[in-house]
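Please keep the model open as you read.

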Amino acid sequence: MNQTAVDKLAEDILLLLREPQGSIVPLGELAAKCMVSLLEINGGLARLGEWGYEFNITTTDACLMAIPDVLTETEISYGLNTNSIGNRILAYRRVGSTNDLAAERANEGADNGTVIIAEEQTKGRGRLGRHWYSAPSSGAYLSILLRPPFTPDRAPGVSLLTGLALIECLQSYCPGAVQIKWPNDVYINGKKVAGILTELSAESDNIHHLVVGMGININQTDSDFPTEISHLATSVSIACGREINRIELVRTFLQKFETEYESFCTDGLTGCIDRLRRYSYLNGRQVTLVSGNRTIEGKAVGIGPDGALLVEKDGETMAITCGEVTVTNH
Ligand code: BTN
């Protein structure tokens, strides 16, 4: 059997061992169902061992004991109940940037909903050309390729709905502590836990594709962050005080993302806006907003029906549709 055939056999064995989880399966049954010899079953089990799966194996049976927390296609797809998001998952150990890979796959014709995910990024990018620190095996760095049915002017709404999907995913880990710092940052207890970088390829009235990238700090400890950002950054694990199963978190996020995205495609931000307002970190704070060559100082007073940030200055309320916000009083 060549490497690829052993990998495929290992995946087949895995599916048989996890249904139901913890069941003891005779090796002969595995061999019969996979239509291979017992020797080949041993090879498949050994491959799963190399991937980090743990078993109880006797001379006659095998039982799956532990699943590694590695962001593989097999694990993320398992039990993922979506229509299109994650129908194809390309999972890597180490890449430059998942957003760059997603754009390349898009240009090669990859489908709407393709997810690119990596354990580590060497050239992770943030907004405004910043670096996104992407330490190995502790966070999730992923990009979703979309081929939206709407025009480019509606694309900024996708960043907002992504933030909302992330917040509602993270709320199940840290209830009440998660907020959005308009438009793209997700905060827990006042520190950044995730960032979103949406990149558009479009003509004037037609989107070729949209790549929505997000970096989520999941199991980092305080000392994992470089000193220059450690006072600003947090992780889900730091906030909850326990180790988080990254696979489950990513799966939950993809499901929530699809729900919000489908609703956005039909109804725009209507279904999102009240929740975005509720989770807004900026509400009532004094902010400085830089948008192009304009700098505005004022008080953030809300979010408009189109997702714009409402800033009050000298008794007048302005709706700001894009920009970088700094909080000037905490
Ligand atoms: C920000 O807060 O500035 C946005 C950060 C976005 C980081 C993610 S990690 C996955 C994807 N690939 C990248 O290179 N960037 C985004």
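Cysteine 63 counts as buried, because its relative accessibility is 9% (buried means under 20% relative accessible area, exposed over 50%, and partly exposed in between, with a 1.4 Å probe and protein chains only). This is a predicted model, in which local features need pLDDT of at least 70 and side-chain atom pairs count only at pLDDT 80 or more, while totals for chains, interfaces and linings use all residues. Residues are numbered from 1 along each chain as its sequence is written, and side-chain values use heavy atoms, with hydrogens and water left out.

**Cysteines**

- A disulfide is a covalent bond between the sulfur atoms of two cysteines.
- Here a disulfide is taken as a pair of cysteine sulfur atoms within 2.5 Å, and the count by this rule is zero.
- Cysteine 63 takes part in no disulfide; its nearest cysteine sulfur belongs to cysteine 34, 16 Å away.

- The whole structure holds 19 salt bridges, each a side-chain nitrogen of Lys or Arg within 4 Å of a carboxyl oxygen of Asp or Glu.
- One of them joins glutamate 75 to arginine 18, at 3.0 Å from N to O.
- Glutamate 75 sits in helix 4 (residues 73–77) and arginine 18 in the loop between helix 1 (3–17) and strand 1 (24–26), so this pair ties together parts that are 57 residues apart in sequence.
- Helices (H or I, at least four residues) and strands (E, at least two) are DSSP runs, numbered from the N terminus.
- Both glutamate 75 and arginine 18 are buried.
- Glutamate 324 and arginine 127 form another salt bridge, also 3.0 Å from N to O.
- That pair links distant parts of the chain, 197 residues apart: glutamate 324 is in strand 15 (residues 324–327), and arginine 127 is in the loop between strand 5 (115–121) and strand 6 (140–146).
- Glutamate 324 counts as buried at 18% relative accessibility, whereas arginine 127 counts as partly exposed at 22%.

- Aspartate 274 and arginine 277 meet in a salt bridge of 3.4 Å, N to O.
- Both residues lie in helix 10 (residues 273–278), three residues apart, or about one turn of the helix.
- Arginine 277 is partly exposed, at 31% relative accessibility.
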